[in-house]
Amino acid sequence: MNSIQMTPAEQRSAGVGEIPAVLLPTLGERYRQRATRLRQLAEGHPMADYLQFVAQVADAQQQLLERLPLPATLVSSLAGRVAAGKAPLAWASLPRDAYWQQLLRGLGEHIEHATLQGLCAQGEAALDVAADALLAGRFSEIDSGQALFLWAALSLYFTQLAAHLPAIGNAGVGEQRQHCPVCTGAPVASVIMTGAQAGLRYLHCGLCESRWHMVRLKCSNCEETGSLDYWSLDTHETAIKAESCDDCHSYLKVFYPEHERDLELVADDLASIALDAEVERQGFDRSGVNPFLFPG
């Protein structure tokens with residue numbers, strides 16, 4: 001069981017200087033900022049066309065966030081999801097509202113793409129089957145092109161749920177922090193924070209975009225500490241490294257915003273795929289998945 005538990009917000013017990021166990025996502029300009037960063041990274045990049053395309057998807061997510069926000073009925077139902085010992089938005093047990101499919105079809109109104117139009121033409125049952133497979137990590141069952149659009153809608157759905165969740169995270173004794181305590185999703189990467197949480201490491205969920213605390217110098221997958229190495233494509237101080245573990249043969253990137261103020265975790269993770277390729281050549285498997293780079 002995850003040692004971080006979500007409890008009702010009114011039960012807040014954090015003392016002065018206590019490390020926040022969970023940072024729930026904020027909405028605002030999230031997707032617009034991501035689109036801006038993607039276009040910045042696309043300049044002169046070998047994957048420029050794809051980064052520009054993903055920026056269009058992020059633009060569409062922002063427009064849907066503003067035009068078709070989470071219904072009030074779903075917001076009001078969230079308090080009942082917060083119970084001791086359970087991730088409130090655990091994807092495997094959360095009754096998925098049809099609103100997520102409205103978001104998918106909304107993407108189809110903003111983006112002209114044959115794969116997306118084909119998805120939008122499918123029935124509700126077929127889309128839910130595809131969503132189940134994707135959320136469960138059965139990527140071989142889903143075309144990677146379809147996965148991108150499905151995840152863009154699902155993530156917009158879960159991120160809004162998480163942003164409105166009337167809960168806080170409380171850190172208990174123990175480990176088991178590999179997965180998000182809010183939705184049980186896998187992390188995209190980890191980030192060494194600046195500002196109020198300067199120097200602390202948080203894992204960033206690829207589904208609901210919550211962040212949760214994990215101490216540094218510990219594998220984010222198996223939580224062992226003795227066999228970690230850090231890889232970079234730059235011999236100087238860098239904002240992106242890959243943390244690999246010889247115990248479980250996995251890796252996950254670590255981002256350092258103090259070295260790159262414009263860094264946007266999902267965008268920069270996608271644009272640094274060359275680092276993934278190099279670490280995988282060394283025999284390590286990635287323990288997380290970027291929302292815009294599914295296997296297949």
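**Pockets and cavities up close**

Guide: Let's start with the second largest pocket, whose lining residues split into 9 nonpolar, 5 polar and 5 charged. Keep in mind that we're looking at a predicted model. This pocket holds about 330 Å³ of space. It has 19 lining residues, and those closest to its centre are Thr238, Ala239, Ile240, Asp268 and Ser272. Three helices, α1, α8 (265-271) and α9 (273-281), each put at least two residues into that lining, with α9 giving the most, at 3 residues.

Now hop over to the largest pocket, with about 600 Å³ of space. Here 22 residues form the lining, and Arg30, Gln33, His204, Arg211 and Leu263 sit closest to the centre. Helix α1 (residues 30-42) is the top contributor to this lining, with 4 residues. Sort the lining by class and you get 9 nonpolar, 4 polar and 9 charged residues.

So much for the pockets; what about the cavities? The structure has 2 of them at 30 Å³ or more. How do we find such spots? Rolling a probe the size of a water molecule over the atoms shows where empty space is left.

The largest cavity has about 70 Å³ of space. Its lining includes Tyr31, Arg34, Gln61, Trp151, Glu209 and Phe292. Both α1 and α7 supply at least two lining residues, but α7 gives the most, with 4. In terms of class, this lining has 7 nonpolar, 3 polar and 2 charged residues.

The second largest cavity holds about 40 Å³. Cys219, Asn221, Glu243, Cys245, Tyr251 and Ser287 are among the residues around it. This time look for strands: β8 (240-245) and β9 (250-255) each supply at least two lining residues. The class count here is 4 nonpolar, 5 polar and 1 charged.

The axes of α6 (residues 124-135) and α7 (residues 144-163) come within 10 Å and cross at roughly 90°, which means α6 is roughly perpendicular to α7. On the α6 side, the contact is made by Leu127, Ala130, Ala131, Leu134 and Leu135, while α7 brings Ala147, Leu150, Trp151 and Leu154. Counted by class, that contact has 9 nonpolar residues, with no polar and no charged ones. You've seen one of these names already: Trp151 is part of this contact and also lines the largest cavity.

Methods
Residues are numbered from 1 along each chain as its sequence is written. This is a predicted model: local features need pLDDT of at least 70, side-chain atom pairs count only at pLDDT 80 or more; totals for chains, interfaces and linings use all residues. Side-chain values use heavy atoms; hydrogens and water are left out. Axes are lines fitted to C-alpha atoms, for helices over the stretch in contact, and angles run from 0 to 180 degrees between N-to-C directions. Angles under 35 degrees count as roughly parallel, over 145 as roughly antiparallel, 65 to 115 as roughly perpendicular and the rest as oblique. Contact means heavy atoms within 4.5 Å. Ala, Val, Leu, Ile, Met, Phe, Trp, Tyr, Cys and Pro count as nonpolar, Asp, Glu, Lys and Arg as charged, and the others, Gly among them, as polar. On a 1 Å grid over the protein atoms alone, a cavity is a set of points where a 1.4 Å probe fits but cannot get out, and a pocket is an open set with protein on both sides within 12 Å along at least five of seven lines; lining residues have an atom within 4 Å of a point. Grid points are joined across faces, edges and corners, and a volume is the space filled by probe spheres set on the points.
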